[in-house]
Amino acid sequence: MNLFVELFKEFGYSVEPFGDSYIADNGTFCVPFTEYGDKEYPLVSAVSFLSCDKEDIKKRYNGVNRIGFKVFSDWMNDRLDFHRFGGIGNHDHSIGEIRNVLERYKRS
């Protein structure tokens, strides 16, 4: 599928695989995410952070295949070791929702 990978790249993010998921980073924001759904209705579970936390996030979630679901669960259950920053934070973001957030970031 990788529609969200392509979307992040379209907005200048580098995207690296992380287990069965990905981490997008543009030097300001870091977004661990897991794609699911299908081409007709693609979804993503993701939470946005500051890029300065990326390496610590990778260490904390080392061995986690579906990082997007895990960081979202930790955030919702007040178990997150990092401060969520930005407009991404849900278990079922649509491609349009992510595009809107990335457009807002671009204008900032």
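Phe8, Tyr13, Tyr22 and Phe33 form one aromatic cluster in this predicted model. The structure holds eight aromatic pairs, where rings of Phe, Tyr and Trp (its six-membered ring) pair if their centres lie within 6.5 Å, and planes under 30 degrees apart count as stacked, over 60 as edge-to-face and the rest as tilted. One of these pairs is tilted, because the rings of tyrosine 36 and phenylalanine 69 have centres 5.2 Å apart and planes at 45°. This pair links distant parts of the chain, with tyrosine 36 in strand S3 (residues 29-37) and phenylalanine 69 in helix H3, 33 residues apart. Helices (H or I, at least four residues) and strands (E, at least two) are DSSP runs, numbered from the N terminus. Tyrosine 36 has 23% relative accessibility and counts as partly exposed; buried means under 20% relative accessible area, exposed over 50%, and partly exposed in between (1.4 Å probe, protein chains only). Phenylalanine 69, at 27%, is also partly exposed.

The rings of phenylalanine 72 and tryptophan 75 have centres 6.0 Å apart and planes at 65°, so this pair is edge-to-face. Both residues lie in helix H3, three residues apart. Phenylalanine 72 is buried at 13%, whereas tryptophan 75 is partly exposed at 26%.

Aspartate 74 is also placed in helix H3 (residues 67-76) and is buried, with 0% relative accessibility. Leaving aside residues up to four places away in sequence, aspartate 74 touches Arg60, Tyr61, Arg79 and Leu80 (contact means heavy atoms within 4.5 Å).

Residues are numbered from 1 along each chain as its sequence is written. Local features need pLDDT of at least 70, side-chain atom pairs count only at pLDDT 80 or more, and totals for chains, interfaces and linings use all residues, while side-chain values use heavy atoms, leaving out hydrogens and water.
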